Amino acid sequence: MSGMKNEPVPLTIADPEPRDFSKSHVLQPKAHRLIPGGAHTYAKGDDQFPEQAPGFIVRGKGCHAWDLDGNEFIEYGMGLRAVTLGHAFGPVVEAAYERMQLGTNFSRPAKIEVDLAEAMLELIDGAEMVKFAKNGSDVTTAAVKLARAYTGRDLIAICGDQPFFSIDDWFIGTTEMNAGIPQAISEMTLKFRYNDLDSLRILFDQHPGQIACVLLEAEAATAPTAGYLQQLKELCEQRGAVLVFDEMITGFRWHLGGAQKFHGVVPHLSTFGKAMGNGFAIAALMGKREIMRLGGLDHDQARVFLLSTTHGAETHALAASLETIRIYREQSVVEFLWRQGERLRTLVNQSIAENQLNGFFELIGRPCNLVYATRDREGNPSQAFRALFMQELIKRGVIAPSFVVSFSHDDPDIEKTAEAVFDAHVIYRKALDEGIENHLQGRAVKPVNRKYTT
């Protein structure tokens with residue numbers, strides 16, 4: 001990293017009025033007494049946000065959220081990318097409410113299960129059967145189990161450059177948070193590098209006839225190099241492994257048919273969730289009939305306990321998903337996400353340039369799924385500077401663990417966000433010059449996946 005630049009930058013900005021988080025601060029100790037970590041999702045925990053941050057959200061509308069103390073924010077990320085249309089999005093809520101009044105769960109399948117299955121299979125090229133569940137870990141783990149049953153093999157190869165695939169042992173055992181996972185299970189999952197076909201080929205060579213499936217996101221923060229995904233599929237087929245695309249994030253963002261449609265590569269199995277229900281709990285495992293049928297009744301092989309969840313086909317969540325698909329089709333939602341993300345990226349990059357933060361703050365990813373990287377004076381990744389940036393945005397009415405937009409982020413929201421970013425970047429620049437300890441109020445944020453709490 002090159003040395004610091006000395007050219008003057010604008011450093012005089014209005015200091016926003018302090019926000020009151022007193023009610024949140026009172027409730028947080030109680031939450032930690034009652035709930036391990038104080039939250040039911042690690043990425044929403046207190047350690048992921050600066051100390052001066054809203055502790056609890058009480059309601060949302062569109063891309064705006066209000067906390068326990070009545071503070072209003074423009075929100076990004078929106079339920080870990082699950083709320084892609086917007087909070088309390090009227091047509092989806094109404095569809096779920098109407099279905100809920102007819103009953104949510106019965107002793108036999110509901111017709112709407114067939115309706116949504118048909119709708120999803122129309123969207124996804126090459127998928128011939130589908131099973132629904134409530135979250136992404138359900139369906140990625142089901143994909144792993146199905147691949148093992150189909151191939152008769154035990155080992156799994158996952159992309160080690162991508163952060164998360166499941167809460168289940170086969171994946172968590174490979175992370176820093178592996179307490180409670182038997183070593184023997186952890187050793188059954190291997191890692192390869194994205195955009196490095198040789199790293200996967202080496203695994204196949206080291207474990208001939210043992211790898212059941214190769215699981216990855218078709219694209220995360222880094223775009224695939226030309227031909228990589230197609231060559232990856234060809235390698236899997238040559239070596240007899242099932243190719244699984246995790247489309248939790250890319251599905252309903254890159255393309256309505258997923259990143260597989262965007263890149264023109266059809267996997268053997270794929271998993272969807274998050275945005276497919278606009279926040280309602282719904283996920284899907286989809287794929288080739290010859291593989292999926294092992295979880296059914298029309299074969300004479302050993303049965304696979306694929307997915308059998310009490311709440312996997314709750315009718316209101318299926319109705320929400322059907323309505324979400326209708327809105328996506330009729331209102332060009334994906335195109336809007338790309339357009340608004342590109343608008344925000346242009347404005348943030350202008351602020352980076354004007355505040356001389358090139359090399360210290362960077363936007364990463366596609367416009368529909370922007371994240372950011374923060375670095376210190378030496379150019380090293382910095383959680384302290386991430387906390388500082390989030391702190392300054394929160395002061396100005398923006399919650400942004402990422403810059404992932406929704407269908408509700410209109411032009412005024414984008415412009416207001418850009419103004420907040422510029423002011424936050426001014427403080428960021430001052431912290432680089434003067435020392436972050438003079439600007440960060442409290443401790444740094446921390447990675448979710450870490451060995452110890454400290």
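These legends accompany close-up views of a predicted model.

**View 1. Helix α4 from end to end.**
Helix α4 covers residues 111-123. It holds 13 residues, and at 1.5 Å a residue these should span 18 Å. The C-alpha atoms at its ends are 19 Å apart, which agrees with that expectation.

Which residues of α4 are buried? They are I112, L116, A117, A119, M120 and L123. Seen down the helix axis, the buried residues of α4 fall within an arc of 165 degrees, so they line one face of the helix. The face turned away from this buried side carries exposed residues: K111, V114 and E122.

**View 2. What covers the buried residues of α4.**
Helices and strands both take part in the cover. The helices include α3 (90-100) and α12 (315-331). The strands include β4 (129-133), β9 (269-272) and β10 (283-287).

**View 3. The second largest pocket.**
Helix α4 and strand β4 each supply at least two residues of the lining. By class, the lining divides into 16 nonpolar, 9 polar and 8 charged residues.

Rolling a probe the size of a water molecule over the atoms shows where empty space is left. How many cavities of 30 Å³ or more does the structure hold? There is 1. The largest cavity has a volume of about 40 Å³. By class, 5 of the lining residues are nonpolar, 5 are polar and 2 are charged.

**View 4. R81, a positive phi in a helix.**
Most residues other than glycine have a negative phi. R81 is not a glycine, yet its phi is positive, at about 75 degrees. R81 sits in helix α2 (residues 78-81). Is R81 buried or exposed? Its relative accessible area is 18%, and buried means under 20%, so R81 is buried.

**View 5. N195, a positive phi in a loop.**
N195 also is not a glycine and has a positive phi, of about 65 degrees. Where does N195 lie? Its place is the loop between β6 (189-192) and α8 (197-206). At 24% relative accessibility, N195 counts as partly exposed.

Terms used:
Residues are numbered from 1 along each chain as its sequence is written. This is a predicted model: local features need pLDDT of at least 70, side-chain atom pairs count only at pLDDT 80 or more; totals for chains, interfaces and linings use all residues. Side-chain values use heavy atoms; hydrogens and water are left out. Helices (H or I, at least four residues) and strands (E, at least two) are DSSP runs, numbered from the N terminus. The expected span of a helix is 1.5 Å times one less than its number of residues. Buried means under 20% relative accessible area, exposed over 50%, partly exposed in between (1.4 Å probe, protein chains only). The arc is that of the directions from the helix axis to the C-beta atoms. Contact means heavy atoms within 4.5 Å. On a 1 Å grid over the protein atoms alone, a cavity is a set of points where a 1.4 Å probe fits but cannot get out, and a pocket is an open set with protein on both sides within 12 Å along at least five of seven lines; lining residues have an atom within 4 Å of a point. Grid points are joined across faces, edges and corners, and a volume is the space filled by probe spheres set on the points. Ala, Val, Leu, Ile, Met, Phe, Trp, Tyr, Cys and Pro count as nonpolar, Asp, Glu, Lys and Arg as charged, and the others, Gly among them, as polar.
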